[in-house]
Every structure is written in C-alpha cells, then in structure tokens.
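Me: I would like to learn how to read a protein model. Please take me through it feature by feature.

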Amino acid sequence: MPELPEVETVRRGLLPAMEGRRILAAQVNRPDLRWPLPKRMAERLEGQEVTALRRRSKYILAELSGGETLIVHLGMSGRMLVSGAALGQFHFDHPAPEKHDHVVLDMEGGARVTFNDARRFGAMDLAPTAEVEDHWLLKALGPEPFGNAFNEAYLIGRLKGRATPIKTALLDQTVVAGLGNIYVCEILHRAGIDPRRKAGRISAQRLTTLVPITRMVLEEAIEAGGSSLRDHRQASGELGYFQHTFRVYGREGAPCPHCATPIRRIVQSGRSSFYCPTCQR
Ligand SMILES: [Zn+2]
C-alpha cells in the first residue's frame with residue numbers, strides 16, 4: 001500500500017509529463033474503480049490544461065484550467081506509468097496496452113500517463129477546485145505533516161486524554177494526514193516511544209519531538225523515492241515504488257540499529273507493529 005512518500009514520489013514523477021500541459025485525449029476504459037468514475041469523465045478531461053499537480057495526504061490532485069480538479073488515489077495496487085516524451089533525457093516507447101489499464105491520458109508534449117490497477121482499490125473523481133477540500137474523500141483529513149497546522153501545540157491538544165495507543169492515534173487520518181503503518185513504526189522508533197503507550201499519557205516534551213521526527217522520516221523516504229525515480233526511469237516508466245531501508249519495519253528478530261536488541265513484532269488493531277523493546281519506552 002503506497003504511503004505518503006510513495007505518493008509524493010509518483011507526483012514528482014508525473015510533474016514533467018503533466019503540469020502546464022493539456023490533456024489531448026483521455027481514454028476511460030471502465031465505469032468504476034473502487035467507486036464509480038465521474039460521469040462523462042473523458043469529455044471533462046479532454047482539452048483541459050493541468051495548471052497544478054498537488055498532493056493532499058495520499059491523494060494526487062490535478063487542477064484543471066476549466067475549474068475542476070482530478071482526484072486520484074492509487075489504492076492498494078494502483079500504478080502510474082509514464083511513457084513517451086516529456087521525460088527530460090529519457091524516452092520510453094508507449095507500452096502495449098495491458099489488461100488493467102483503466103485510464104490513459106495522452107498529454108501535450110507527447111507523454112502518455114497510464115493508470116493501471118489490477119485490484120481496483122484505487123479511485124478517481126472530479127470536483128470543483130474551489131470545493132475540493134470539502135470532497136468526501138478529503139473533508140475529514142487532518143493537517144498535512146509538512147504543513148504549519150501540524151505543530152507541537154496541535155499534537156499535544158489533539159492527543160490529550162486519549163486512551164488509544166500512540167501507534168493507533170498516529171494512524172488516525174484525522175489527527176495527521178497520510179501516515180501509514182510503515183512510517184508510523186519508523187517514527188515511533190526514532191522517537192523512542194513504545195507503540196503501545198497510551199497517547200494521552202505521553203509527556204508533552206516527548207510528544208513535541210514527534211513533529212520534527214515525523215517530517216524527518218518522511219523527508220528521508222521522499223529523498224529515497226527521488227533517487228529511485230532517477231534510476232528507475234532508465235528501466236521503465238513506472239513511478240512510485242522504491243527500495244527503502246527501514247530501521248524496524250519488517251525486521252522482526254533482526255538487531256535494532258541503535259542498540260542491537262532483537263526487533264519485536266506485535267499486532268495492534270489487526271496490524272503489525274515493529275519496535276525495539278529497549279529503545280522504545
Ligand atoms: Zn534499540
């Protein structure tokens with residue numbers, strides 16, 4: 001499941017192909033993904049210039065010159081492929097159409113953007129740009145981890161009195177947008193906080209460290225995604241999936257990089273938590 005850094009990597013990979021360019025042709029091959037696709041979707045996309053390509057949480061938002069925004073969510077298995085020109089020094093031929101190519105955009109400048117999603121947990125919708133933050137998929141999202149609204153005072157206030165484990169609280173998309181299981185495990189290890197600790201019982205001083213640590217962990221992952229993008233472009237036009245080394249995630253039994261204690265795995269709310277029983281209290 002792509003998390004915020006993967007989605008940001010996809011956005012950056014799409015930028016040269018899409019931003020400031022018109023959608024010359026749109027091909028929509030089915031009526032739905034996870035939910036129905038918007039009515040007359042191809043017609044509403046064709047001829048529009050993508051004036052800005054933004055990200056909100058794990059959603060990519062393509063603002064169109066006509067006043068609508070295309071909302072894209074990759075879901076579990078959604079992939080974005082860029083082929084053709086407009087990729088700087090790299091050029092890929094358009095691949096043969098594949099079975100799960102659901103939406104194909106031919107861009108001004110010669111690039112083709114293909115959304116392929118075998119399991120169809122992804123989503124796309126069109127909404128007026130002026131109201132996009134009120135769209136039902138985005139409305140309840142908490143502040144962006146890199147935004148000013150996600151700050152020490154906010155986090156302390158938001159977690160005050162909460163009896164849920166800190167791991168669960170950070171996964172709550174209304175507390176902070178875009179964090180998933182992998183990066184929450186990494187953030188809590190970096191902060192030295194036991195994932196089972198009740199959110200409301202952690203001292204303000206320790207909660208304060210979570211804000212810069214969250215940004216640092218995500219920034220490092222985005223940086224890793226950026227370098228994979230540069231390498232990857234030579235092999236294929238697929239965006240967003242990259243090798244990133246984690247300190248605790250997926251490393252049950254392996255030594256903690258900080259103290260060499262074997263990493264432990266527990267299950268919280270049905271999901272694996274990886275942590276160091278020595279460093280995290
Ligand atoms: Zn340790």
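Me: How many bridges join strand S6 to strand S7, and which way do the two strands run?

Reply: First, the ground rules. This is a predicted model, in which local features need pLDDT of at least 70 and side-chain atom pairs count only at pLDDT 80 or more, while totals for chains, interfaces and linings use all residues. Residues are numbered from 1 along each chain as its sequence is written. Strands (E, at least two residues) and helices (H or I, at least four) are DSSP runs, numbered from the N terminus. Two strands pair if DSSP finds at least two bridges between them. Here, five bridges join S6 (residues 101-107) to S7 (residues 111-116), and the two run antiparallel. Across from Asp106 stands Arg112 in S7.

Me: In what order do the strands of the five-stranded open sheet come?

Reply: In a regular strand the side chains alternate between the two faces of the sheet. The order here is S1-S6-S7-S5-S9, with antiparallel pairing. Strand S1 (23-28) and strand S9 (238-239) are the edge strands, each pairing on one side only.

Me: Which strands does helix H1 lie across?

Reply: Contact comes first: two residues are in contact if their C-beta atoms, placed from the backbone, lie within 7 Å. Angles run from 0 to 180 degrees between N-to-C directions, and the axes are lines fitted to C-alpha atoms, for helices over the stretch in contact. H1 (residues 4-18) lies across S5 (79-84), S6, S7 and S9, running at about 30° to S5.

Me: What is the order of the four-stranded open sheet, and which strands stand at its edges?

Reply: The order is S2-S3-S4-S8, again with antiparallel pairing. S2 and strand S8 (123-128) are at the edges; each has a single partner strand, so one side of each is left without a neighbour in the sheet. From one strand to the next, the twist averages 20°. H1 packs on this sheet too, touching S2 and S3, and its direction makes about 175° with that of S2.

Me: Is His189 buried or exposed?

Reply: The test is a count of other C-beta atoms, placed from the backbone, within 10 Å of the residue's own: 20 or more is buried, 12 or fewer is exposed, and in between is partly exposed. His189 counts as buried because it has 26 C-beta neighbours inside 10 Å. His189 lies in helix H5 (residues 181-191). Its C-alpha atom is separated by 7.3 Å from that of Cys279, 90 residues apart along the chain.

Me: Which residues does UniProt list for "binding site"?

Reply: UniProt positions are given in the numbering used here, feature names are shortened, and annotations may be inferred rather than shown by experiment. The unreviewed UniProt entry lists His100, Arg119 and Arg162. They are spread in space, up to 42.9 Å between C-alpha atoms.

Me: Where are Arg119 and Arg162 found?

Reply: Arg119 is in the loop between S7 and S8, and is exposed because 12 other C-beta atoms lie within 10 Å. Arg162 is in the loop between helix H3 (152-159) and helix H4 (166-171), and is partly exposed, with 17 other C-beta atoms within 10 Å.
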